[in-house]
Number of protein chains: 2
Amino acid sequence: MEALPRTVELFYDVLSPYSWLGFEILCRYKNIWNINLHLRPSLISGIMKDSGNKPPALLPRKAQYLARDIRLLRQHLQVPIQFPKDFFSVILEKGSLSAMRFLTAVNLEHPEVLEKVSRELWMRVWSRDEDITEPQSILAAAEKAGMSMAQAQGLLGKISTPQVKNQLKETTEAACKYGAFGLPITVVHLDGQTHMLFGSDRMELLAYLLGEKWMGPVPPAINARL
Amino acid sequence: MEALPRTVELFYDVLSPYSWLGFEILCRYKNIWNINLHLRPSLISGIMKDSGNKPPALLPRKAQYLARDIRLLRQHLQVPIQFPKDFFSVILEKGSLSAMRFLTAVNLEHPEVLEKVSRELWMRVWSRDEDITEPQSILAAAEKAGMSMAQAQGLLGKISTPQVKNQLKETTEAACKYGAFGLPITVVHLDGQTHMLFGSDRMELLAYLLGEKWMGPVPPAINARL
């Protein structure tokens, strides 16, 4: 008898580059490992505020390192990630509130496209240096992900409803309860125990906890398809 | 014709738990990969000051996470690491100045035992919760690492000489020039290029840069010996 799949939750915000990296690795492994992956759109600014943490890029030497780290990980992880030119304006000023509310609405009504719409938003902000704050930007990402314009507009009309706003708040609070001080966090539920892993660089440890095999950030089945 | 070994430098402080983890992984791989590993004892407090960074444990939620992360990594990486009971006094107040000056003196006069003495200091502070600031603590670590008491006392007598003090300062400044805002950092020299990797969780990326095989934090040759 096959063991039941273990629940793995990924809390993420499309503003966070390491969230994208963690997301792609888990999306690659979700059909290789015996897991149920739950994608949990959250608001990184809310987590920073609640934990008292500051964005790492505010320290100049960390900002320099981040840029170089992302460049190396782009190759190693095979994710087309690239720093936006005006990092501070895009990441620290414009933020991701509408985008994350939209993903929350997607998750409520069309969870089957959440992965694709999330990826298209990352492709905009963290690959092609395009806006994700304007309605037409969000609609363009949704369409690229395969939604009809009517569907996408319908969901966009709902992002200011209490249901959507509260859901995003609740998910963000859940991340905080798990101990988040940034994103991504991966929460794995195992034999009644819960482990929270911070960042995109604990996926080999996740494999170890799950008793699954780690085959690098680009597992062979994926490699063959690239 | 075998290619020349690539130079890999590890900048570390025995006060830093992730330095120990990175150190053990690199010590395991140094005879598997075609590298020359240079151990570079540095002063983490100097790097924090120079970069303007703050110890992560000052943020309560990070401190909680750190404790749990270390507990999981202890198993996964098979390093007997354990939090000192009075973390703040040991790590943030007492510091590591004498210990790191001693390792600097070891590196100058007996580099062949630097790995072992470093490990014994970590075993004291980050495994058995023992002091590393008193002369007799440092001598005990040196003896456990195989030095004679006379050798160890001779070196201890030199830790306040300008030669030793300046060397530790220079190594710490070198880490800062590579962009360090904490420890460990691993610096790899490849085809005239230099890459700085921060933390103990970029070793798979290091393997990728070197074109070497990553076999997890406990490579099979080591596993067989444990």
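How many aromatic pairs does the count come to over all chains? Before I answer, please keep in mind that this is a predicted model, in which local features need pLDDT of at least 70 and side-chain atom pairs count only at pLDDT 80 or more, while totals for chains, interfaces and linings use all residues. Residues are numbered from 1 along each chain as its sequence is written, chains are lettered from A in the order in which they are written, and side-chain values use heavy atoms, with hydrogens and water left out.

The count comes to 30 aromatic pairs over all chains, where rings of Phe, Tyr and Trp (its six-membered ring) pair if their centres lie within 6.5 Å, and planes under 30 degrees apart count as stacked, over 60 as edge-to-face and the rest as tilted. One of them is the stacked pair of Tyr29(B) and Trp214(B), with 5.3 Å from centre to centre and 20° between the planes. Tyr29(B) belongs to helix α1 (residues 17–29) of chain B and Trp214(B) to the loop between α10 (203–210) and α11 (220–225) of chain B, so the pair ties together parts that are 185 residues apart in sequence; helices here are DSSP runs of H or I with at least four residues, and strands are runs of E with at least two, numbered from the N terminus. Both Tyr29(B) and Trp214(B) are buried, meaning under 20% relative accessible area with a 1.4 Å probe and protein chains only, whereas exposed is over 50% and partly exposed lies in between. In chain A, Tyr12(A), Trp20(A), Phe23(A) and Trp122(A) form one aromatic cluster.

Turning to the sheet, chain A has an open one of 4 strands in the order β2-β1-β3-β4, with mixed pairing, and two strands pair if DSSP finds at least two bridges between them. β2 (35–41) and β4 (193–198) of chain A stand at the edges with a single partner strand each, so one side of each is left without a neighbour in the sheet. Strand β3 (residues 185–190) of chain A runs antiparallel to β4(A) and is joined to it by 6 bridges; Val187(A) has Met196(A) as its bridge partner, and Leu190(A) stands opposite Gln193(A). The two strands form a hairpin with 2 residues between them, and Asp191(A) in the turn has a positive phi of about 50°.

Finally, Phe102(A) touches residues including Val117(A), Ile138(A) and Leu155(A), not counting those up to four places away in sequence, contact meaning heavy atoms within 4.5 Å.
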